[in-house]
Amino acid sequence: MTSFTRRAAVVALAMAAFVPAAFAAQATQVKVDTNMGAFVIELNAKAAPKTVENFLAYVKSGFYKNTLFHRVIPNFMIQGGGFVMGMEEKDTRAPIALESRNGLSNVRGTIAMARTNDPNSATSQFFINVRDNRFLDANQAQDGNGYAVFGKVVSGMSTVDAIARVKTHSVGYYDDVPIRDVVIKNMSVIKGK
């Protein structure tokens with residue numbers, strides 16, 4: 001084998017090793033289609049692997065189809081992923097462990113898991129921060145646990161902002177419910193796996 005042939009073989013091997021790594025590093029993106037427009041979320045599986053795995057399981061099963069953004073607080077966040085029309089709560093999978101100490105912060109445009117007072121109670125519901133809400137981060141949260149950020153909106157933030165401006169009222173014991181339903185028509189993986 002000549003030195004030129006050896007160099008060509010080394011370059012070919014290096015390129016073959018690089019290509020799969022580049023594809024493996026590709027972040028997963030999910031498109032959220034609503035009756036008010038669409039937006040795209042990029043997920044961070046490196047920082048929040050269990051949370052992303054849980055979210056994608058719901059996305060791929062079609063769970064989020066025809067669910068609502070059922071809680072909207074202007075200049076704070078929009079929350080969805082657990083209720084259908086009539087404010088009926090959907091059955092979910094088992095809760096997951098909290099991944100709030102992952103280096104990601106609840107800043108404008110990020111998506112985080114909603115939960116109860118139990119830190120390890122997140123299932124399907126999520127929220128999108130419409131402003132910086134760092135007080136929800138584990139290191140600043142009153143309960144010392146915070147909320148797990150697992151991705152960010154990479155396009156369509158104007159749709160999120162429009163949802164955040166809808167008029168709300170109370171339904172039963174639920175507050176901040178949009179007067180007109182804000183429906184997640186579908187969620188689909190558009191990039192990555």
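Here is a short walk through the structure above, from its overall build to its charged pairs.

This is a predicted model, in which local features need pLDDT of at least 70 and side-chain atom pairs count only at pLDDT 80 or more, while totals for chains, interfaces and linings use all residues. Residues are numbered from 1 along each chain as its sequence is written, and side-chain values use heavy atoms, leaving out hydrogens and water.

Let's start with the overall build. The chain has 3 helices and 12 strands; these are DSSP runs numbered from the N terminus, with at least four residues (H or I) for a helix and at least two (E) for a strand. Of its 193 residues, 42% count as buried, where buried means under 20% relative accessible area, exposed over 50%, and partly exposed in between (1.4 Å probe, protein chains only).

Now look inside. In soluble globular proteins, nonpolar side chains tend to be buried together. Here the largest nonpolar core has 33 residues, and F55, Y64, F126, F150 and M187 have the most contacts inside it. Helix α2 (residues 49-61) gives this core its largest share, 5 residues. Such a core is a set of buried Ala, Val, Leu, Ile, Met, Phe, Trp, Tyr and Cys residues joined through side-chain atoms within 4.5 Å.

Finally, turn to the charges. The whole structure holds 4 salt bridges, each a side-chain nitrogen of Lys or Arg within 4 Å of a carboxyl oxygen of Asp or Glu. One of them joins D161 and R108, with the closest N and O atoms 2.7 Å apart. D161 lies in helix α3 (residues 157-164) and R108 in the loop between β6 (88-89) and β7 (110-113), so this pair ties together parts 53 residues apart in sequence. D161 is buried at 19%, whereas R108 is partly exposed at 41%.
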